[in-house]
Amino acid sequence: MEENNIKNIISAQRKYFDSGDTRNIDYRIKNLEKLKTLILENEDLIYQALKKDLGRDSFDSFTAEVSFMINDLDYIKKRLKKWAMPKKVSTNLLNQIGKSYIYNDSYGCVLIIGPWNYPFQLTINPLIGAIAAGNCAIIKPSELSPSCSKVITDIINNNFSNNYLHVIEGDADTSKKLLLQKWDFIFFTGSTLVGKKVMEAAAKNLTPLALELGGKNPCIVDDTTDIDLSAKRITWGKFFNLGQTCIAPDYILVKESVKDKLVKSLIDKIKDFYNSNNYGKIININHFDRLKGSLESSKIIYGGKTNEKDLYISPTLLEDVPKKSVLYNDEIFGPLLPIFSYKENTEVISFIKNKNKPLVIYIFSKNTKFCDSIIENTSSGSISINDTLMFITNHKLPFGGIESSGIGSYHGKFSFDCFSHKKSITKKGFFPEISVRYPPYNKTLSQYKKLLQFFK
């Protein structure tokens, strides 16, 4: 799309936002209900698109995409009126007689850039937050999942005014053109590398933003856990969507004494769960080549089968991963799972802290003291103990990273908060008037300090 056309759409959205319609609570709820209806009406088309782009079956597509969107819509709709009300807070003595409030202010015209790995959920869920908070939005789906991008475009552009919500399709060049514009808020989901470019573009206009990125998520397994059940949950969490999940376990850090037992159980679970018919595919040839090439530097314990024609890579377990390899240093984002071992619990924290802060840390342990030590001595977006992935289904928990794994958080009320500016409101009368604050200052500094202490 030409830059002038983009500017015209943004200009029309700003004008519509200024009309006040989008900030009306009933209007927001009506459009959330409309979006839910459209998702359900197009459910089969969503499944077909996900099958074409990612090879995913309808069951996984429902659990990972459709149900997630519907649950979030229902949760937010039910509570939106309460969330949107100005929140009264206490007023300190220096501002008496007065009242103080926190007002949820809509940002205005927001940009949402979605990813390819969960192209509906990770594009529509931020949009739900934008609508709930009273904004207009322009949505840029990923060009790497073209079938899904087209369905998203048809759902939004054929059913909502482009003055309110509008999808712009295109490649990286389109994203660059969009990022050159002045926005009131930007929400980006994708890689850390691209996230840095988005943040650089936002900085030129001091635009607030949220970045949902990724990272090397450790999965710690100690000798107190239930090995078979842990292996079952790790296998599912790692290889769901072929590991193309920002919160997938990136590597295992296992107590040396139970490593062999864990590896055997992981292999058993992979054999039970997966075959090439129900496993899906890597998103494109570039990612396939990247993942296949990274196999050369490490020892394959299990798996390692590839099929370029089907963009297929089997669930693969690895060890002896060199410290200079991409598998050791970079987010894998595929069905390759390196396994490292440790002898002493103190090694675990050091291993994690020598890498960038992850989006999530997984711990499989019955040792509460060990879990607490990791919680207290590491930094990450989230921590999940004795399970993988499922923590994101709790609407009452914020989801987001820290530093290289992300900025800001969303889901449930946190989506509403993410797309709202918290504006402070103070309302005072004209009595009493404290004259001591005005010059000339006749009292000594010590007397003034005593007065301030009294007002505290």
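Author: Contact here means heavy atoms within 4.5 Å. The model is predicted. By that cut-off, Ser 145 touches Asp 53, Pro 115, Trp 116 and Pro 119, leaving aside residues up to four places away in sequence.

Reader: Where does Ser 145 sit?

Author: Ser 145 is in the loop between strand E4 (136–140) and helix H6 (146–157).

Reader: Why does Ser 145 count as buried?

Author: Buried means under 20% relative accessible area. Ser 145 has 1% relative accessibility, so Ser 145 counts as buried.

Reader: How many disulfides does the rule give?

Author: The count is 0. A disulfide needs two cysteine sulfur atoms within 2.5 Å.

Reader: What about Cys 148?

Author: Cys 148 is in no disulfide either, as its nearest cysteine sulfur, in Cys 246, is 16 Å away. Cys 148 is at 0% relative accessibility, so it counts as buried. Cys 109, at 1%, counts as buried as well.

Reader: Why are E3 and E4 called paired?

Author: Pairing takes at least two bridges. E3 and E4 have 5, so they qualify. Both belong to an open sheet of 6 strands in the order E5-E4-E3-E6-E7-E17, with mixed pairing.

Reader: What makes E5 (165–167) and E17 (406–407) edge strands?

Author: Each pairs on one side only.

Reader: Which helices lie against E3, E4 and E5?

Author: Helix H1 (residues 3–18) lies across E3, E4 and E5, at about 150° to E4. Helix H5 (residues 121–132) touches E3, E4, E5 and strand E6 (185–189), and makes about 165° with the direction of E3.

Reader: How do you know that E2 (residues 98–106) pairs with E1 (residues 87–89) and with E18 (residues 420–428)?

Author: Count the bridges. E1 and E2 share 3, in the antiparallel sense. E2 and E18 share 9, also antiparallel. At least two are needed, so both pairs pass. Lys 88 stands opposite Tyr 101 in E2, and Gly 98 stands opposite Lys 428 in E18.

Reader: How does the span of helix H10 (residues 259–273) compare with expectation?

Author: H10 has 15 residues and reaches 21 Å from first C-alpha to last. That is close to the 21 Å expected at 1.5 Å a residue.

Reader: Which residues of H10 are buried, and what covers them?

Author: The buried residues are Lys 259, Leu 262, Val 263, Ser 265, Leu 266, Ile 267, Lys 269 and Ile 270. The cover includes helix H9 (227–239), strand E8 (218–221) and strand E14 (336–342).

Reader: What makes a set of residues a nonpolar core?

Author: Buried residues of the nonpolar kinds, Cys included, must be joined through side-chain atoms within 4.5 Å. The largest such core has 116 residues, and Leu 35, Leu 127, Ile 156, Ile 220, Ile 247 and Ile 252 touch the most other members. Helix H4 (residues 58–84) gives the most, with 11 residues. Apart from it lies another core, of 19 residues, with Cys 109, Leu 178, Ala 201 and Leu 209 among them.

Reader: What does Ile 247 touch?

Author: Beyond four places in sequence, its contacts include Asn 217, Leu 359, Tyr 362, Phe 391 and Phe 399.

Notes. Residues are numbered from 1 along each chain as its sequence is written. This is a predicted model: local features need pLDDT of at least 70, side-chain atom pairs count only at pLDDT 80 or more; totals for chains, interfaces and linings use all residues. Side-chain values use heavy atoms; hydrogens and water are left out. Helices (H or I, at least four residues) and strands (E, at least two) are DSSP runs, numbered from the N terminus. The expected span of a helix is 1.5 Å times one less than its number of residues. Buried means under 20% relative accessible area, exposed over 50%, partly exposed in between (1.4 Å probe, protein chains only). Axes are lines fitted to C-alpha atoms, for helices over the stretch in contact, and angles run from 0 to 180 degrees between N-to-C directions.
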